Amino acid sequence: MDVGGGAVAGDGASSTSSAVSQWTFTLSQRYQHFLDKSTPHVLYRWIFFATIAFIFAIRVFMVQGFYIITYALGIYIIQLLIAFLSPQVDPEVDGPTLPTRGSDEFRPFVRRLPEFKFWYSLSKAVCIAFVLTFFSAFDVPVFWPILLFYWLVLFVSTMKRQIMHMVKYKYVPFTFGKQRYGKKAPSTDERSVSKP
């Protein structure tokens with residue numbers, strides 16, 4: 001029986017793993033705090049994304065390689081873009097939930113992939129692709145114009161199908177150009193009464 005408070009075998013390993021888990025937890029909390037703080041700053045987030053995408057493009061251009069990584073990133077971007085442009089409830093599968101006539105109840109457009117998650121997924125993907133460009137195992141020699149042609153064909157056909165879906169179910173996933181409901185402009189009767 002050990003009453004004297006001697007060290008238990010393996011105590012150093014458990015304290016080390018406890019310190020690492022505490023450090024990981026603190027780091028993840030700070031990272032989440034940073035993400036929460038960046039949520040309302042849409043323009044700055046997209047400027048950040050454009051910057052890291054530009055750095056990735058410069059890296060690929062300077063190295064003259066990693067076209068497979070770039071092609072895979074392009075396919076992933078198309079997948080995210082489709083989810084960003086699609087409604088959360090697909091009228092083709094779940095029935096017509098979007099208003100199709102003027103007498104239907106108004107329902108706002110809700111994206112399958114919200115803007116913040118779209119930005120976050122794109123940013124993570126570009127950062128991962130950038131890191132992969134430092135490993136020569138991912139630099140598979142290919143004829144890049146063929147990959148670019150495949151990607152363009154895939155992008156055009158996918159966007160055509162998405163636009164046809166938008167036209168068929170009469171929804172617009174963007175807010176610019178939509179009617180705003182807020183301050184009401186004075187009607188012609190109010191203007192004629194207010195004149196002396």
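Predicted model: local features only at pLDDT ≥ 70, side-chain atom pairs only at ≥ 80, totals over all residues.

Student: Is R45 buried or exposed?

Tutor: R45 counts as buried, because its relative accessibility is 3% and the cut-off for buried is under 20%. E115 is partly exposed, with a relative accessible area of 23%.

Student: What else touches R45?

Tutor: S38 is in contact with R45, and with F116 too, leaving aside neighbours of S38 within four places in sequence. S38 belongs to helix α1, residues 11–38, and it counts as buried at 10% relative accessibility.

Student: OK, zooming out. How many helices and strands are there?

Tutor: Seven helices and zero strands. Reading from the N terminus, the elements go α-α-α-α-α-α-α.

Student: And how much of the protein is buried?

Tutor: Of its 196 residues, 23% count as buried. As for contacts between residues at least 6 apart in sequence, 83% of them join residues at least 24 apart.

Student: Let's do helix packing. What's the angle between α3 and α5?

Tutor: About 175°, with the axes 10 Å apart. Here α3 covers residues 67–85 and α5 covers residues 115–132. Angles over 145 degrees count as roughly antiparallel, so α3 and α5 are roughly antiparallel to each other.

Student: Which residues make that contact?

Tutor: From α3 you get I69, L73, Y76, I77, L80, L81 and F84. From α5 there are E115, F118, S121, L122, A125, V126, A129 and L132. By class, that contact has 13 nonpolar, one polar and one charged residues.

Student: What does L73 touch?

Tutor: F56, A125, V126 and A129, not counting residues up to four places away in sequence.

Student: Now the largest nonpolar core. Which residues touch the most other members?

Tutor: Of its 28 residues, F49, F56, L73, F118 and V126 do. At least two residues of this core come from each of α2 (42–63), α3, α5 and α6 (144–169).

Student: Which helix gives the largest share?

Tutor: That's α3, with nine residues. As background, nonpolar side chains tend to be buried together in soluble globular proteins.

Student: Last topic, backbone angles. Which residue has a positive phi of about 55°?

Tutor: Q64, although it is not a glycine. F66 isn't a glycine either, and its phi is positive at about 60°. For context, most residues other than glycine have a negative phi.

Student: Where is Q64?

Tutor: Q64 is in the loop between α2 and α3, and F66 lies in the loop between α2 and α3 as well.

Student: And is F66 buried or exposed?

Tutor: F66 is buried, with a relative accessible area of 5%. Q64, on the other hand, counts as partly exposed at 49% relative accessibility.

Note on methods
Residues numbered from 1 in each chain as written. Heavy atoms only, no water. Axes fitted to C-alpha atoms, helices over the stretch in contact; angles between N-to-C directions. Helix = DSSP H or I, 4+ residues; strand = E, 2+ residues; numbered from the N terminus. Parallel < 35°, antiparallel > 145°, perpendicular 65-115°, else oblique. Contact = heavy atoms within 4.5 Å. Nonpolar A, V, L, I, M, F, W, Y, C, P; charged D, E, K, R; others polar. Core = buried A, V, L, I, M, F, W, Y, C linked by side-chain atoms within 4.5 Å. Buried < 20%, exposed > 50% of the residue type's maximum accessible area, 1.4 Å probe, protein only.
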